[in-house]
Amino acid sequence: MDFGPYFLLASLEGAVGAAVLAVTALGLSLVFGVMRIVNVAHGEFFMLGAVIAWWVASLIGIHPAVGFLAALVVSPLVVGSVAILAERTVLSRLHYDPEATIVATIGMLYVIQQAVLMTYGPEARPVQPPFDFRIQLPWFGYSAYKLFVILAAVVLLLAVWWGLTRTRLGLMMRATQIDRETARAFAIPVDRVYAGVFAVGAALAALGAVLVVPVQQAHYLMGHDPLLLSFITVIIGGLGSLRGTVLAAVIIGMSDGIISVFFSPTLAKIIATLAVAMVLVARPQGLFGERAP
Amino acid sequence: MSESTAVLSTPPAAPPTARILGLHLGVLAVLFALHFVLPDYHHISLSRIMVLACFAMGYNLAFGYSGLLSLGHAMFFAAGLYAAGLVAQFADIAAPGGFLIGVAAAALVALTLGAIALRTGGVSFMIVTLMFAQAVFLIIYYFGTYTRGDEGFVVPDAMRVLLGLDLADPTVRYMTALALFAACLMGSLALARSNLGRVLIAIRENEDRARMLGYDVYRYKLTALTLSAVMAGAAGAAYGLLFGYVGASFASIQYSIYPLLWVLMGGAGTVLGPFLGTVLMFYLVDLTSAATTAYLLVVGLVLIALILFFPKGILGTVRERYLPWLP
């Protein structure tokens, strides 16, 4: 293949990665923005979403599309409920102390991951895509499902944006983010907002996983990479800035896809992690963030 | 944390030195005596635990005494492990030299990456150390030709020799581990009771106030992190030389979480806590992994339980309630 079409293929792969990353990282960013906590278990919510998607899809054996649609509804609901449970029983009792929360979410990471290992097992299992045809480009065929992933991610991002800016619930979340005490004084149930935000953040990770699982198999250790990439995205995008997160996801997802096609993926990861650490040292507000966290 | 206010407000002469020395030397004497009575399996387990406890004590210097919650201490352990292992493998440098090179490598990592990470604080410090440790882990994979990545390599037996003694021999191994452990334990004790230790505690409790009093906070933190890395690196180098295996799993995030877990369990900011935590977690994981492959579940549950109910750990709680003189 010539360089041009090869580059196009790499860009398409990058765009799929960026779409899933944007949805997943947005969940992490939302939780950080409103609750000011870092959720290390975010990658496990992603993994849990994928495993539940497999489970739902294999229970409903009528047609792959039915199973997929059911997973798209059930998976974020279940994962969101797990998140609410974790938030109520653990995080709220720590009063969202940033460092204690990180330790506790590391604990949750192991609990979720190992519970899945005990029940689901160590195998990687595929989920059938809801539809299976390839769009024939002049140089190569490309899976239509992957293009659907990009579209679905855009719809999801718009839905989150609409929810945050146009609904009463979104207004409460933003009020809590800006000033928790004043929000409480205006009778906003801050505790419930926190639980809700944590659930929405986890549900977004689960949605990202449902989208990706027909392309990539469900496995109990699959949460590691999304966690790292989401961290990178949220930091580069500016902690707490949702717009920055989406922008960074596009840049990082695209460049990750393109770089790993042309260079050694390990080297790409080394450079990316070091670069992110340096960004955090030199510009704690992120590349696109405006105010200090 | 209220225990430090007690430490700060007590006049330096008040802690009963004889009692404290007696307790710590007593622990060392018990460990020495255990060598003669333990069955083989627990004998080698305890050798491992003593080396890993040095890693935990190093972590405790940063987290317990200086308030530096690092999520990347595996990079210091791995620096010691790999430096000692690689020079034994490729440069034919035997145990004593390899050990020192390992310690130096860990100190070097602390003085470069650690110095950069210390430019941040709080949550950013946690994430930056996590990222640096991840980069170190990936670098080990990237140079897989030499490090053999995940699979790791075996340190040649000919290099595992100290003063003519074979480190693979159980007795020599146990005594070497005990010697290292004794050095780290007494070093921690001396540090905790020194002026440096008191300044570090002051920084942990109130950084701004320490700065206002004229202490160069950044320099003290860097000193603490470097000492911490030296202990972690010493543990890593000793682990490679005593047990003869070097692998990338020792650089993974798990080995950054373990010392945090051990220290949290035993009691952050106590001298004996890291050892106690290491012993308990080692056997807890050992027992669980005999029953299920999902033994890390225990690690997760214990982490959550500790941070929720016993944030001061076992010895921290004991000190608060019963033994206020415990260092």
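Residues are numbered from 1 along each chain as its sequence is written, and chains are lettered from A in the order in which they are written. In this predicted model, local features need pLDDT of at least 70 and side-chain atom pairs count only at pLDDT 80 or more, whereas totals for chains, interfaces and linings use all residues.

**Exercise 1.** Determine how α2(A) and α4(A) are oriented to each other, and which residues make the contact.

Solution. Helices here are DSSP runs of H or I with at least four residues, numbered from the N terminus. Step 1: the helices α2 (residues 42–59) and α4 (residues 98–119) of chain A pack at about 20°, and their axes are 9 Å apart. The axes are lines fitted to C-alpha atoms over the stretch in contact, and the angles run from 0 to 180 degrees between N-to-C directions. Step 2: α2(A) and α4(A) are therefore roughly parallel (angles under 35 degrees; over 145 is roughly antiparallel, 65 to 115 roughly perpendicular, and the rest oblique). Step 3: α2(A) and α4(A) cross in a left-handed sense, that is, with the near helix turned anticlockwise from the far one by less than a right angle; clockwise would be right-handed. Step 4: α2(A) contributes A:Glu44, A:Met47, A:Leu48 and A:Val51 to the contact, and α4(A) contributes A:Met108, A:Leu109, A:Ile112, A:Gln113 and A:Val116. Two residues are in contact if their C-beta atoms, placed from the backbone, lie within 7 Å. Step 5: by class, this contact of α2(A) with α4(A) has seven nonpolar, one polar and one charged residue. Ala, Val, Leu, Ile, Met, Phe, Trp, Tyr, Cys and Pro count as nonpolar, Asp, Glu, Lys and Arg as charged, and the others, Gly among them, as polar.

**Exercise 2.** Carry out the corresponding analysis for α3(B) and α13(B).

Solution. Step 1: α3 (residues 40–65) and α13 (residues 273–291) of chain B pack at about 135°, with axes 8 Å apart. Step 2: that angle makes α3(B) oblique to α13(B). Step 3: the crossing of α3(B) and α13(B) is right-handed. Step 4: the contact includes B:Ser45, B:Ile49 and B:Leu52 of α3(B), together with B:Gly273, B:Pro274 and B:Phe275 of α13(B), among others. Step 5: the residues of this contact of α3(B) with α13(B) comprise nine nonpolar, five polar and no charged.

**Exercise 3.** Describe the side of chain A that touches chain B.

Solution. Step 1: 33 residues of chain A are in contact with 32 residues of chain B. Step 2: α4, α9 (224–237) and α11 (265–282) of chain A are the elements giving two or more residues to this side. Step 3: α4(A) supplies the largest share, 16 residues. Step 4: this side of chain A consists of 26 nonpolar, four polar and three charged residues.

**Exercise 4.** Is B:Leu118 buried or exposed, and which residues does B:Leu118 contact beyond its sequence neighbours?

Solution. Step 1: B:Leu118 lies in the loop between α5 (95–117) and α6 (122–142) of chain B. Step 2: B:Leu118 has 22 other C-beta atoms within 10 Å and is therefore buried (20 or more such atoms; exposed means 12 or fewer, and partly exposed lies in between, with C-beta atoms placed from the backbone). Step 3: setting aside neighbours within four places in sequence, B:Leu118 is in contact with B:Tyr218, B:Lys221, B:Leu222 and B:Leu225.
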